[in-house]
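Student: Hello! I am new to this structure and would like to walk through it with you. Could we look at it together?

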Amino acid sequence: MTSLKRSLASDPYASNISSKVYVRSTKSGKVQKIVQELYLRQDIPCSSRLCSSCLKTAPRDASGAQAPFVLSERPAGTKGYPQGHYLVPDTNALLNALDLFEQTSAFYDVIILQTVLEELRNRSLPLYNRLIGLTKSEEKRFYVFFNDFRLETYVVRDEGESINDRNDKAVRRAVKWYSEHLTQAVKSAGGSSKKVPAVVMLSDDKENLKKAKRDGIQACSLSDYVGGLENADQLLDMISVVKEGRELRDAKAAENLYQEYFSVSKMMTGVKNGTLHQGIFNVSPYNYLEGSIHVPAFDKSLLVLGRENINRAVQGDVVVVEVLPKDQWKEPSTKIIEEETINKDENADGEDGEAVVTERERRALQEEVRKVHSKGSEGRPQPTARVVGVVKRNWRQYVGHVDEASVSQSVKQGRKLQTVFLIPMDKRIPKIRVRTRQAGEIMGKRVLVTIDSWDRDSRYPVGHFVRSLGELETKGAETEALLLEYDVQYRPFPKAVLDCLPVEGHDWKVPESTEDPGWRGRRDLRGLQICSIDPIGCQDIDDALHARPLPNGNFEVGVHIADVSHFVKPNNAMDAEASIRGTTVYLVDKRIDMLPMLLGTDLCSLKPYVERYAFSAIWEITPDAEIVNSEFTKSVIKSREAFSYEQAQIRVDDASQQDELTKAMRTLLMLSKKFKQKRMDAGALSLSSPEVRVETESETSDPIDIKTKKHLDTMSLVEEFMLLANTSVAAKIYEAFPQTAMLRRHGAPPKTNFEELGNQLKVKRGLELRTSSSKELADSLDGCVDPKEPFFNTLVRIMATRCMMSAEYFCSGTQAYPEFRHYGLASEIYTHFTSPIRRYADLVAHRQLAAAIDYEPLDASVRSKGKLEAVCKNINVRHRNAQQAGRASIEYYVGQALKGRIVEEEGFVMKVFSNGFVVFVPRFGIESLIRLRDLADTEPESTFDAENYVLKTSGSREVEVELFEKVVVRISDVKEESTGKRKVKLELVKTGTK
Amino acid sequence: MAPSATQQVLLSPAELSYLHTSLSLTPPIRPDGRTPSQFRPLIAETDILPGTNGSARICFADGTEAIVGIKAEVEKSRPSYQASEDQNIAEDDDDEEDEDTRRSEKEAYQKKGLNEWVEMSVEIPGFRDDDSMPVFLAAMLSEALLADGEFTRRLWINRRFHWKLYLDILLLSQPLSYPLPLLSLTTHLALLSTRLPKLKSEQDEDPLFDDDWEASVFLYPRTMETIIARPPVTLLVMAVKDSIIFDPCKEELAVAEVVLAVSVGERSQGVGGAEMDVDSGKARDLRLLAVRTIDPPSRLTPPGVPNALNTATGGTAATAEQTSTQRETLDEEGVWQPPRGGAKRKLIAAMIHKVLEQGGVAEEVLDGLEAVELG
């Protein structure tokens, strides 16, 4: 018998065909062998401006245009490479120090190999996205070279070679090819060999460096390379410390402080079986040692108590937990535990005697346990759990400041490398251990850090310093810190986005001739008496109104919304940017726009006295506020006046004003009151959240005063008609696109959310909170009044609001119709339509409505359920972040406004713990914690009656604090040690009546 | 079963008679001049289908050609009532026994596979998949594969999961001769080249595999040079009178009196066995897995008419009834008579012996297949 193996050599195309074989496991548990054929090409350019041969062969797109070459012909040199150099980092270099590459002082002309890019994507998606961002920025000159598709740089994996070795080999091959190719290119251009830039491989892998040396490739470790740069000290800090640290520890064979995580397969099996549970880890804002995790299997969240059980999970991580045996179940703590008070004087460098649970922590926990036990059967211990693995880390960059206590005095000035603790602004994030040479410099500054790793033998995560934002408490630094903390995109719009703006700029006008294509399908509403009503100083006016009586006694009411979709076409750069930003963010002194200024405050904004494109919803409404019919149309309007709420109110109230515009506003006001009544009858909730406004000096925008927002009738006028417009549009687009309409829902809160509040009301006031429907809730909230205390009702509403779910955008095809309900508004269906300048969801709704009225065809991007879902997910997050950023900004400014002042104010007790209580001060909209130890110099003894929410103290100071009680507090400002924020500090002056 | 469609041999009774006579000589003279146990040359290669877990192609000199592709899928095992019961019994067993051995025993027991974990389909051009020929061939091939119960054990992943193996056997050419040996040899090679992704998870967890194909393990694990165990092969043996002939071609089958499909497996050699064989070198520990008699196509050939019954040669033509009775007794040299009756036990024993004996045909075939370079 003879055997034969077909040899590849007989195939004429063999040299440029290769294949890649790997095993893919699908989610459903299938395991497939995947074979990919690779067709290797020779026309992938090196993209160096030195090279003319690649320029000739580089592929062109359909219009014959060629991608411009990226790498500079005269790259920067360093000491080691005076002739100039291109950098080729390997995956580890990027993983360890991507922050370095984002620097503007160095790291230009970088070649990112496809091999490296793909490996990075597998290892860390956030880093990958950041790198992609870098490759897109033109000034950094990053070029992605598809080395695995180019014939000369493709390498085959040898037998028995690990994939990492193969990738390293590919990197070395590409570096080699590049340097040969460039030498050739320079030579053929007649240049001297001195002009050839060096191609330098950056790697932290010793083996790789060694092999590079053997192959005669220029290579360098990151720290060596950075050492040769100008501002080496600063840059060196940005290299992740993972490696050194680990080597150090290995030598010491430190004991492990935390339990090892389960293997991935064990976790997967457990989660599938239901013995383990997966969810997002949340840390309690009051107690950093208490986390909770909501898992689909249970209604209530599982508690994760103590450092050992939290087992290195960080706020936001997707973790897998195991439920602990029943004897370890506990009650959620009624005690405030803050990291800084317990672990105050730790030495960051000290490795010895490090236990996971410090003595103090242990004592704090013991007290907890004792309390649970003393309660005996009455206490309701909750199931607790232990983290056994992390599925996905959600680490981001954290803003914080250096713990001064951890910096040793002697080196404050020096350049010595030392380890310091960084205290993140977000209290839920543990301290981060950072090694730095610039401890002296970054002290007292807001800094940005990244967590690199958290090993079993380290009590705190290890991270590295990214950059300094500026001095603590300077406006610039604090604002940037806020934006970073809430992940708000605040960079200026890139050129690609600005290119999408109309070329006329501010001179753009509605075309005069109605024959113009811009007029197609638009109704001419320029003759109507339209006006807009907005807060003072509003520049981005996205809504305007009109009303006029009809001959039959009914009214015609129109809501006109800025026609943003006319300017922002789907799928261009501006649309992409807007969909990422999702919403405009309002800070006290700053607005971060979703759309470029030109559109937001001029072309789209429905400014008075000029003609603007609009999207109008027009109803015929009876005097009893019944809608007879409604229609939607694109239009051209000319607003007669832009009122502020106050101006409008004055004008309406002034009986001498009898002009058409004022009359129309009175009509609108009359109708809006009827609409509101109807809504309330249907069970809409009037909820409350503390709202204050910071008045700032116009020049410096320093805060001068804080005012609670006044409520005016004209506000609810606008609100009612916006609600009406939103609801009608929602119905219309749902009818047209039942699967893909962009809607907004507000889920009914689960009953358990109100348990606590209901119980508190019952015990303290004998009031009942009925929560079976929004109508019931609205009625019972109306009943929650204290005749002696008018603010009590608002306080309850504020607390009730916190029990609610948050409203969310969704795509109609993903939910059943009954789930569309907006609980708070008691509306069957709802969307956002009225603020397209500042919300992306409204823009999508605009596009869908335009398609629903056959104005234009529906773009594919708003027709695909998958894409819409992704958009919804993003804008939900952005929306929440924007709200939080806005609130945090107000909080900061309130602190600044009160700086140096001491005020006594009335407040209300919102929450009582066993060692403190939370007081809410309506005048400033602030709430703050008063700890028992703040009451007197020595902490008074206390007894806490959890059943009746009463905290009694005795000893050094005798007070009795109970829930909902009115107290007088002294407000002063203080810089919070833990977060470096200036915050208001409350001191109890006297308790209410008793 | 008569492998009918293959056997439309267009030979006259005289030609058949001639063939029969020359084959029954000692040594028999075969139409293509081979010795009785000589195989036709073949061309074989493995790993020809990159998308499969294992594949092979064999091309016989007569132009018949087959491809086998093997795909494996992870499947959840049915919870077996039997297994859980046995486990209980095992646990109740005498506790003196060493914990370790007991566990390994238990494991070995649990590793038992089920025949349904292998699915085989044979496709032959011109046949529907429910025609008797492909069904019968598939049955014979899987019978040989599953006969010793060892094979499915290789598909065991853990107590909750197993591999399901799909063997797709495809005859590319027309079935010129009975394709069983071709298909069997191709399947054999394909199984040898079959690799399964390497398991990373432990014990009864949901299986998790190494994504590196290079790390995958062979279904039939091999040491540096040799393969420890091999899949079975099924050989076709025929006899004419007393001559036993291997790898019969189409014409030879047309005059065969007995046709046997003999499935032979190689017992996996333990450490002790290997030591014993040190000096004897290549001796194999063969075992018989299955024997099937195959209805030879010769039964359907038209009989020759002896002169005595031929009017043209002065004989007297008999009625149909008479003919059949006369044929019973007729044994005239040179007149073709389709074989009747079954095979003699002695003959079958001799045929099997010839396959299995040391230095016999099975060994030769296995040696030959071993020479095929595995991808």
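**A guided tour in questions**

Tutor: Gladly! Of the 994 residues of chain A, 40% count as buried. Keep in mind that this is a predicted model.

Student: How many helices and strands does chain A have?
Tutor: Let us start with how the chain folds back on itself. Among contacts in chain A with a separation of 6 or more, 67% are between residues 24 or more positions apart. As for its secondary structure, chain A comes to 28 helices and 37 strands.

Student: What ipTM does the predictor give the complex?
Tutor: Let us take the scores one by one. Chain B averages a pLDDT of 79, and 80% of its residues score at least 70. For the complex, the predictor gives a pTM of 0.65 and an ipTM of 0.73.

Student: How many contacts does the stretch 270-281 of chain B have beyond near neighbours in sequence?
Tutor: In residues 270-281 of chain B the pLDDT is below 50. Beyond near neighbours in sequence, the number of contacts this stretch has in the model is three.

Student: Which element gives the most to the side of chain B that touches chain A?
Tutor: Here 28 residues of chain B are in contact with 27 residues of chain A. The elements of chain B that give two or more residues to this side are β1 (42-46) and β3 (65-76). The residues there divide into 13 nonpolar, five polar and ten charged. With four residues, the element that gives the most is β1(B).

Student: Does Ile618(A) count as buried, partly exposed or exposed, and why?
Tutor: Ile618(A) is found in strand β24 (residues 611-621) of chain A. Apart from neighbours within four places in sequence, Ile618(A) is in contact with Glu556(A), Gly558(A) and Glu631(A). A buried residue needs 20 or more C-beta neighbours within 10 Å. Because Ile618(A) has 19 inside 10 Å, it counts as partly exposed.

Student: Is Asn311(A) buried or exposed, and why?
Tutor: Asn311(A) sits in the loop between α11 (306-310) and β12 (318-323) of chain A. Asn311(A) has a positive phi of about 45° although it is not a glycine. Because Asn311(A) has 23 C-beta neighbours inside 10 Å, it counts as buried.

Student: What value is phi of Ala826(A) near?
Tutor: Ala826(A) is found in the loop between β29 (808-811) and α26 (840-852) of chain A. With 21 C-beta neighbours inside 10 Å, Ala826(A) counts as buried. Ala826(A) is a residue other than glycine with a positive phi, near 50°.

Technical notes. Residues are numbered from 1 along each chain as its sequence is written. Chains are lettered from A and ligands numbered from 1 in the order in which they are written. This is a predicted model: local features need pLDDT of at least 70, side-chain atom pairs count only at pLDDT 80 or more; totals for chains, interfaces and linings use all residues. A residue is buried if 20 or more other C-beta atoms lie within 10 Å of its own, exposed if 12 or fewer, and partly exposed in between; C-beta atoms are placed from the backbone. Two residues are in contact if their C-beta atoms, placed from the backbone, lie within 7 Å. Ala, Val, Leu, Ile, Met, Phe, Trp, Tyr, Cys and Pro count as nonpolar, Asp, Glu, Lys and Arg as charged, and the others, Gly among them, as polar. pLDDT is the predictor's confidence in each residue, from 0 to 100.
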